[in-house]
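Student: I would like to learn how to read a helix and a sheet in a model like this one. Could we go through them together, step by step?

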Amino acid sequence: MSDEVRVTRAFNAPGAPISLSRAGTIERLEPLPERFVGARGVQVWLPPNYERDTQRRYPVLYLHDGQNVFDAAAAGAEWQVDETAQRLTVDGQIQPMIIVAVNNTARRIDEYTATAMSRDGHTQGGQAAAYARYLIEQLKPAIDARYRTLPDAAHTAVGGSSLGGIMSLWLAVHHGDVFGTALVVSPSLWWDNEFPIRDAQKTPLPMSVPRPKLWLDMGTGEGAEAIRQLRKLRGVLYARGWASGDIAYLEAEGATHDEASWAARVEPMLRFVDRQFNAKPRDGNRQQRDPFPVEVRPPMPKGQGTY
């Protein structure tokens with residue numbers, strides 16, 4: 001088993017040229033008081049005409065590693081989400097949405113992982129549940145109160161790459177009643193002996209909640225093992241009741257594990273999210289056949305790595 005993904009450029013490493021360009025209206029919010037996790041900055045991209053069209057309410061996409069979403073100041077490269085969303089919205093190719101970029105902190109590895117594991121001689125990880133509470137109980141209510149949002153799960157998405165990818169998957173599996181769509185980008189499925197895959201395989205899933213729609217991708221330049229793990233995850237999800245129409249799957253030819261590769265996929269990601277936001281209302285899970293429905297499985301045992 002591979003215990004890491006080889007990256008082309010490490011997070012927060014310098015890169016050139018650094019672009020500070022921004023498109024549209026982006027508001028920087030004051031960090032919320034420290035509660036479940038440490039305080040952090042949040043940036044909110046508002047769609048064109050948000051201030052003028054005062055009767056309209058909007059779906060919301062939350063993105064992890066928020067420093068890298070709108071400009072390259074933090075990491076030397078960016079996702080260019082603001083430029084892409086602005087262009088697609090103005091051109092009428094997607095409907096307007098609000099995009100919330102949630103900064104990471106020095107505890108990024110802990111907060112984006114659901115289990116602890118030993119790496120480099122010390123234990124890391126296991127605070128995903130606390131980060132999820134921050135998103136669900138603290139940040140999302142603040143965003144819904146400040147902006148004209150559509151707060152239901154069908155109009156709320158989450159996304160991220162690498163560890164942010166497995167965090168988004170965890171949120172979809174454990175909190176599908178909050179996040180109806182998730183972008184699982186170059187996910188670090190190797191974490192803790194493929195825990196994200198095992199978690200998706202065994203976590204009880206209520207039949208009353210529609211399966212979240214999932215974008216799954218990996219660059220072929222990230223290695224054969226990473227591709228194998230993504231294919232394995234896809235198979236597990238199908239076995240758990242996800243239909244083929246619930247999952248967008250991409251193996252990006254030649255793409256590597258870095259912001260430049262992810263930026264190249266932002267347009268199809270946003271188109272995917274837009275389709276879910278504007279789909280017909282979901283009518284439960286009538287076609288789902290979960291072999292482990294929540295009604296018949298015992299609760300997960302308490303202890304390290306459980307929630």
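Tutor: Gladly, and please keep in mind that this is a predicted model. Let us begin with helix α3, residues 128-146, whose 19 residues reach 25 Å from the first C-alpha to the last, close to the 27 Å expected at 1.5 Å a residue.

Student: Where in α3 does a kink lie?

Tutor: The kink, of about 35 degrees, is found at Leu139, shortly before the proline Pro141.

Student: Which residues of α3 are buried?

Tutor: The general idea comes first: an α-helix has 3.6 residues a turn, so residues three or four places apart point the same way. In α3 the buried residues include Ala128, Tyr131, Leu135, Leu139 and Ile143, and Ala132 and Gln138 are also among them.

Student: What does α3 lie across?

Tutor: Helix α3 lies across β1, β2, β3, β4 and β7, and runs at about 140 degrees to β4. Helix α1, residues 81-90, lies across β1, β2, β3 and β4, and runs at about 20 degrees to β2.

Student: In what order do the strands of the sheet come?

Tutor: The sheet is open and has eight strands with mixed pairing, in the order β1-β2-β4-β3-β7-β8-β9-β10. Strands β1 (25-29) and β10 (247-252) stand at the edges with a single partner strand each, so one side of each is left without a neighbour in the sheet. From one strand to the next, the twist averages 15 degrees.

Student: How many bridges join β3 to β7?

Tutor: Four bridges join β3 (residues 60-63) to β7 (residues 156-161), and these two strands run parallel. As one case, Leu63 has Gly159 in β7 as its bridge partner.

Notes. Residues numbered from 1 in each chain as written. Predicted model: local features only at pLDDT ≥ 70, side-chain atom pairs only at ≥ 80, totals over all residues. Heavy atoms only, no water. Expected span 1.5 Å × (residues − 1). Bend = angle between axes of the 7 residues up to and from the residue. Buried < 20%, exposed > 50% of the residue type's maximum accessible area, 1.4 Å probe, protein only. Pairing = 2+ DSSP bridges. Axes fitted to C-alpha atoms, helices over the stretch in contact; angles between N-to-C directions. Contact = heavy atoms within 4.5 Å.
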